[in-house]
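Here are my notes on the model you sent over. Have it open while you read.

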Amino acid sequence: MTFLITCPNCGPREALEFSYGGEITRRAGPGSSSAELTGYLFFRENANGWQTEWWLHRDGCRMWFLAERHTFTNEIRRTYPPGSEPPVDAQAPEGAA
Amino acid sequence: MHPVRYFKPWRMWRHHDVEKTYDVVIVGGGAHGLAMAYELAKRGVKKVAVLEKSYIGAGGSGRNTTIVRANYRTPEGVAFYKEALRLYEQLAQELDYNLLFSQQGHLTLAHAERAVNVAHERAEVNRLLGVDSRVIYPDEIGRLCPVLDLSDRPAFPIMAALYHPPGGVIRHDAVVWAYARQADRMGVHIHQDTEVTGVVVEDGRVAGVRTSRGDISTRVVVSAVAGWTSEVARMAGVRVPIVTHPLQAFVTEPLKPFLHVILVSATLHVYVSQTDRGEVLIGSEIEPYSSYSQASTLNFLEVTAKHALELLPMLGRVKMMRAWGGLCDVTPDYSPIMGLTDVDGFLLDGGWGTYGFKATPIVGVTMADLIHTGRVPDLIAPFAVSRFWERRLVSEIAAAAVSH
Ligand SMILES: Cc1cc2nc3c(=O)[nH]c(=O)nc-3n(C[C@H](O)[C@H](O)[C@H](O)COP(=O)(O)OP(=O)(O)OC[C@H]3O[C@@H](n4cnc5c(N)ncnc54)[C@H](O)[C@@H]3O)c2cc1C
Ligand SMILES: [Zn+2]
């Protein structure tokens, strides 16, 4: 890995300091069907382009945060702590206003 | 073949105009797509097209480290790769092409009690299914590979190894070219520079594909695009449990032949072989993040070279020559995804992760049988994408994460 990631706490650091947590997924909640659980466990978008994903600043402040990274160029356009700013492409849970 | 024609082929495969209709369209001109096309032509399927967005062999088929072996862990995996190995042993004859297959033997080193246990387990499963495989100890390892550091100097000394004598390396480009040449001779259309941009599905069944060179109508589309499987499956509306990760390798300057086995160490995340040109070929495990970039990185070179030196200190002053990367379509259980999907006429051949090259000949045979007869061959039945929905995973992680 040779690109920089901007930790919301610590600023830009070498990607080697971080652990990858995969693309954002919507957790299958209580009462989910077996198919919904299977989908959540195994199936992924695996986008070739912009993707919102989890990173852990493993060798730094140890915070989990979100990044929008282009999976072909590895360019990162935004990083932010979870909850602070809902990612544009994440769907609101069903029934939410 | 007439000798004059044999020695004057202008090209090994021809250029064609894209026709409006094909019986079978194969997306991806890697070894898998070309092997399927060849096997379909052999079964008398007339109009077969292979569509390749770049040049044939541009993907993993031209970038892999060419290891062929059958010492997997699950009965399903061993039976499948054993048949692939058997077909590889006669492939040069079958395709009339020198593939430089060298069955020099394959050593999976164990540096810990846990790894010794896994080696024993694999040896038992292998032998039960008729695959030559056994656990050996430092005295015998030393005879097979005198240059290996078997002392207790390293942080993780070598305790034992899983020895698989028929494992070997083969010339990957030659496999691609041989299948392409033979498929072309039998009437397959190989279209390079032809990108599939959409799969047309009507009433739950395939009706055609859209490409950068126009639309094609067909009833059968096979996705054989390895690292790009998620993209092509998405075009057909099929979900797959795949994440694409880069995998890198590098070669050193050529040395006199000194290494006559393939060495794999999961503990050190490194594997080493010596090519026919004398270069030392060194690889590692996948990058820990997903990406569609095939670039190589300095960090990979530093870490991997360091680990290779733990095994072979004599490489200390040897120069690195070339480095490259490729894409791996990794599945949760490190087994492939082959066969039918919920979309009628849309077939998958993907999930090949870091280990698909060795499967090429059996992929060609089984996928062609499936398309030709409509019946799923027993050998690939365990690998359908439906196994995830049914929670019947085929876990090869212990046998495939570092040894490709
Ligand atoms: C560094 C490295 C080392 C490896 N080592 C080994 C090894 O030692 N042993 C082993 O067995 N395996 C190994 N592998 C894995 C192996 O390379 C692959 O599993 C295998 O080559 C897959 O072959 P394929 O024909 O399915 O796909 P590929 O050879 O990847 O071919 C897919 C083709 O599809 C094309 N394509 C993609 N999208 C489209 C589209 N939309 N339209 C048209 N064409 C498209 C691509 O351009 C590509 O040419 C390694 C991989 C890498 C990267
Ligand atoms: Zn931090």
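This is a predicted model: local features need pLDDT of at least 70, side-chain atom pairs count only at pLDDT 80 or more; totals for chains, interfaces and linings use all residues.

1. Residues are numbered from 1 along each chain as its sequence is written, while chains are lettered from A and ligands numbered from 1 in the order in which they are written.

2. Start with chain A, where 4 strands make an open antiparallel sheet, ordered β3-β4-β5-β6. Its edges are β3 (19-23) and β6 (76-80), each pairing on one side only. On average, neighbouring strands here are turned by 30 degrees against each other, direction ignored (axes are lines fitted to C-alpha atoms, and angles run from 0 to 180 degrees between N-to-C directions). Strands are DSSP runs of E, at least two residues, and helices runs of H or I, at least four, numbered from the N terminus; two strands pair if DSSP finds at least two bridges between them.

3. Within that sheet, β3(A) and β4(A) (residues 50-56) pair antiparallel over 4 bridges. A:Y20 has A:W55 as its bridge partner in β4(A).

4. Now look at A:R62, in the loop between β4 and β5 (64-70) of chain A. Its phi is near 65 degrees, positive in a residue other than glycine. A:R62 counts as exposed because it has 10 C-beta neighbours inside 10 Å (exposed is 12 or fewer other C-beta atoms within 10 Å, with C-beta atoms placed from the backbone).

5. Over in chain B, β10 (205-211) and β11 (214-217) pair antiparallel over 4 bridges. They form a hairpin with 2 residues between them, and B:R210 stands opposite B:D215.

Terms used: A residue is buried if 20 or more other C-beta atoms lie within 10 Å of its own, exposed if 12 or fewer, and partly exposed in between; C-beta atoms are placed from the backbone.
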